Amino acid sequence: MKGTQESGQDILTVKDLRVNFYTFAGQVKALDGVNLSVKRGEVLGLVGESGSGKSVTALSIEGLLPQNAEVVGGQIILGGKDLLAEKRGEIRTARLREMAMVFQDPLTYLNPVLTVGSQILEILETDRRVFTPVVVAARLEDLEKAGRKGSLTEEQAREKGRLEAIPPQHALGKREFSRLAKAYSVAILGKVRLPEPERMFKMYPFELSGGMRQRTMIAMALVRRPALLIADEITTALDVTVQAQILKLLTELKTQIDTSILLITHDLAVVAEVCDRVAVMYAGNIVEVAEVNELFKNPLHPYTQGLLAAIPRPDAVRGELSSIKGSVPNLIYPPSGCRFHPRCPSAFEKCPLSKPPLVEARPGHFVECFLYGG
Amino acid sequence: MSEIVPPAEARRSADLRFALHLFRENPLVLAGLVLSVGSIAVALLSPFLVDPTSWQITHPILKNCWNNPLFGWGNANIQACPSPYALGTDSFGRNLLQMIVLAIPVDLQIALEVVLSAVTIGIVFGATASYAGGIADEVILRVTDIFLAVPGILLAIVFMVVFGRTIPVLTGAVVLIWWPTYVRLVRSQVLSEKEKPYVESLRSIGAGRLRLLFRHIVPNSIYPLLVQATLDIGSVILTVSALTFIGLSPSPLLPELGNLASLGSQYFFTAPWLIIFPGLTILLISLGFNLLGDGLRDILDPRLRR
Amino acid sequence: MKLYEYAIRRILLMGLVLFGLSLLMFYLTRGFLPPSFALAPYITPRMNEAEKLALAQSIGVATQSCPSFTAFSSFQPSCLVPVWAQYTGWLSNVLKGNWGLTLLPGIAGSQTTLSVFFSRFPFTAQLAVMGAILTIAIGIPLGIVSATHNNKLPDHISRIISLGGYSIPQFWFGYVLLIIFVLYVRIGGLGLLPGSGPLATNCAICFANPGSVRAVTGAPIFDGIVSGNLHYAWDSFVAMILPAVTLSITSIGALTRIVRSSMLEVLRQDYILLARSKGLQERVVIYRHALRNALLPAVTVAGLLTAFLFGGVVVIEIVFDLPGVGYTSLQAVNVFDINFIELYVLVTALIIVVTNLAVDIIYAKLDPRIRY
């Protein structure tokens with residue numbers, strides 16, 4: 001279910017997002033003016049170390065920050081509306097129809113006492129009016145397929161006629177909707193390549209393997225056809241082989257339902273595999289954004305350079321493993337100016353003074369670093 | 001330039017701020033501290049405040065009188081005492097306030113004895129059950145099942161019917177009610193501690209099982225026991241006073257809060273203070289220890305330290 | 001394992017516990033009290049020595065080889081049946097439905113323990129059921145509200161209620177309620193609620209002449225409804241209001257605390273975050289996702305709460321002067337009526353154990369992870 005957006009444009013725009021956490025140790029300035037945008041139909045990777053603020057960004061977009069967090073500035077524009085200025089009810093609708101988030105560890109994110117199928121079904125049943133067209137279309141498609149194989153029974157033909165005659169904006173009656181929604185949910189379970197979807201519908205999360213549970217979570221996102229899909233470290237808890245399958249599934253589905261993906265990960269290999277563009281995040285800032293190949297070929301920001309240099313290469317015969325010296329900063333008392341400067345091999349006098357602005361150092365390649373101007 | 005505050009100092013001030021935060025969120029914990037420590041103080045000071053033998057002397061003429069200049073009970077049947085008593089007199093003509101002051105240490109002492117005994121029994125049997133496992137564990141568990149199947153008061157009543165109505169029997173009866181809870185608590189604590197990695201590493205370097213149990217596992221399981229014990233002091237006083245209230249006390253003269261209240265049960269319309277004040281004292285003491293126990297649980301619960 | 005296998009295992013365990021309890025009770029009472037106490041309900045003053053001895057032998061406390069009643073009374077070892085033998089005799093009697101005689105006044109002159117007990121028991125059951133209903137109806141919503149409005153005013157109020165309830169001496173609370181609602185809140189010269197007794201006839205909202213009813217169940221409210229005498233049912237109900245509130249205050253306190261902490265724990269879980277991120281309404285998140293998980297640990301204390309309720313009736317019946325088994329048990333204590341006390345304890349234990357069993361089965365049904 002899409003909001004209003006123009007094609008070729010940005011689905012999501014985050015402008016200067018600032019988020020603070022209030023803890024007993026002090027005020028954690030977690031996000032320090034995050035800027036990013038996701039274009040329609042693309043996969044944007046968001047990379048960074050643990051604690052760099054990737055998940056906080058995702059939760060801010062969804063409006064699901066914990067109670068001790070506060071958004072102190074910025075805008076999050078999705079479907080033409082600033083989510084930070086909306087009321088609770090509007091945000092909930094946005095979560096239902098325009099964006100979907102898939103989380104890291106499917107075991108703790110699925111309700112253990114409800115069946116997998118009911119956890120998908122409840123999404124559809126939240127708003128019958130909105131989802132009627134989808135479930136009806138799915139049913140009509142089934143009937144079409146049945147019609148092509150053999151002829152329809154009288155009952156099926158009548159049903160087909162009735163469903164085709166439903167006006168837009170109409171909500172199906174509860175019982176009929178439940179029936180069609182259940183069939184649709186089972187179909188979705190099939191679309192994410194779960195075996196025996198009918199049986200899977202009635203199973204409980206603890207009966208499934210990690211990969212299957214992750215597919216279920218993806219199914220929950222799929223079922224509402226969001227404009228934006230946020231995937232937060234979805235492969236981190238999985239085996240490498242399963243990882244590959246999930247990523248493949250994701251890219252296929254992206255084209256099928258015409259969604260855009262914000263893929264959060266700390267794994268550069270995943271980024272190289274799947275993403276169109278990449279944003280690198282450090283200590284609450286986006287320090288570099290570029291197309292994938294461009295980033296790997298020409299990393300501009302010293303942090304990105306350090307990250308890429310740190311990847312061990314099987315063909316390097318000698319030499320130490322290189323690493324970035326120092327450690328992640330304490331965000332209660334963050335470094336002044338550019339937050340990376342204490343660890344930066346190329347730091348100079350300008351760096352501690354103020355935060356560098358985002359400049360387009362090469363076409364389509366943006367950096368926040370005084371080395372490139374600003 | 002970069003990070004300014006050294007980490008150790010930051011952590012200490014974080015702890016302090018957390019503790020202050022708890023007190024701010026929960027001013028009641030402070031009230032609990034005041035009430036419980038206050039009652040212990042009264043108990044310790046009571047021999048100096050009131051003559052310890054005064055409960056044995058009755059003054060029939062002064063029965064059930066009230067003469068507090070500050071307020072009355074609006075009931076025409078109240079006799080006036082010749083001299084002002086802060087809380088009136090009881091059915092034996094004794095000064096109710098003095099009796100209450102004498103009763104507080106009696107109750108607290110019984111409660112302390114009960115809780116300490118129950119904790120000890122709990123540690124011995126609970127640790128054995130969980131550590132030895134197998135048949136010993138099953139047997140101990142079934143025995144606790146048996147005791148937990150009966151409401152506490154009934155168990156105590158049966159015990160006192162058989163063995164008499166003295167204070168030691170009363171204490172023993174209440175211990176009977178409480179020990180299964182502690183056995184189960186200790187058992188579950190030890191069971192979860194046993195699985196922790198440090199136990200395995202200690203075993204691998206040859207630590208003996210008994211030494212491991214009492215020098216490592218038990219001390220680490222102490223916090224929930226401490227919380228439960230504090231909470232239980234309040235509950236024990238409630239049970240003891242209920243038992244004496246229904247008549248299971250050695251003597252009607254005994255200065256004990258429930259016993260004092262039972263004297264007033266026949267007169268509660270005409271002399272309500274006989275029940276109100278002893279009962280209020282019980283309420284305040286048990287409230288104090290319950291609040292304190294809750295506060296302890298909040299402070300000691302590692303998961304809330306975020 | 002399957003649900004019914006689990007149930008059967010628990011039932012067997014239940015039997016074991018009751019058996020062990022009866023053994024414990026028996027040894028406590030017969031082992032430590034002189035056998036004359038067991039004999040007391042059977043002896044009438046006009047019996048001679050020989051008759052008394054025969055009686056003692058027939059109820060199994062004196063051996064067949066005992067020469068005389070005097071020998072028995074002076075505890076000669078050859079006259080005394082060992083306790084384990086007494087127990088087997090008692091057990092076989094009990095399983096046939098013979099619980100012996102009691103010293104307490106019974107209905108229509110009948111003195112068997114069973115009949116005296118069950119003439120009073122429905123009354124206590126009525127009180128306990130009302131207490132249970134109040135506990136659940138107040139405790140659970142209060143706990144939920146407290147958790148969903150954590151640290152705001154509803155939370156503080158509910159914590160005061162729950163802490164207060166948990167700390168309050170029940171007898172004191174009963175008397176305070178009586179003083180308030182009978183002495184101080186008065187309408188038209190009568191207190192709002194009745195002072196004591198199972199049937200209320202002189203209170204502001206009572207009917208003065210409710211008439212009588214057929215004693216069908218023994219519980220006045222039901223008897224009133226069943227006999228069609230609604231005035232009687234109402235008066236009985238009104239008489240139960242204060243006792244039920246007093247009885248349930250402790251368990252309300254306990255249940256609210258447990259529901260609150262369980263809900264708080266559940267609301268912190270990741271799957272609640274996912275549920276919200278799916279765009280579900282808050283109402284659905286709380287009741288369908290959170291509550292189902294939060295109530296699981298809460299139902300495990302149902303046995304404990306039943307124990308609170310059945311233990312509390314003793315004090316409540318005394319304070320409010322109600323003719324139930326709690327009140328009667330006190331009389332039994334004063335005359336050392338062992339049979340009655342044993343029956344009372346075992347019946348109460350049976351109720352508690354059955355409640356635990358039912359709760360465990362419900363838990364296993366609700367939480368699919370348990371059975372595997």
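**Exercise 1.** How many residues does the contact take from chain C, and how many from chain B?

*Solution.* This is a predicted model, in which local features need pLDDT of at least 70 and side-chain atom pairs count only at pLDDT 80 or more, while totals for chains, interfaces and linings use all residues. Residues are numbered from 1 along each chain as its sequence is written, and chains are lettered from A, and ligands numbered from 1, in the order in which they are written.

Step 1: chain C gives 37 residues to the contact and chain B gives 34, two residues being in contact if their C-beta atoms, placed from the backbone, lie within 7 Å.

Step 2: on the side of chain C that touches chain B, H1(C) gives the most, with nine residues; helices here are DSSP runs of H or I with at least four residues, strands are runs of E with at least two, and both are numbered from the N terminus.

Step 3: this side of chain C divides into 30 nonpolar, seven polar and no charged residues, where Ala, Val, Leu, Ile, Met, Phe, Trp, Tyr, Cys and Pro count as nonpolar, Asp, Glu, Lys and Arg as charged, and the others, Gly among them, as polar.

**Exercise 2.** Determine which element of chain C gives the largest share of the side that touches chain A.

*Solution.* Step 1: 19 residues of chain C are in contact with 20 residues of chain A.

Step 2: helix H11 (270-277) and helix H12 (282-299) of chain C each supply at least two residues of that side, and the largest share, six residues, comes from H11(C).

Step 3: the residues of this side of chain C comprise seven nonpolar, six polar and six charged.
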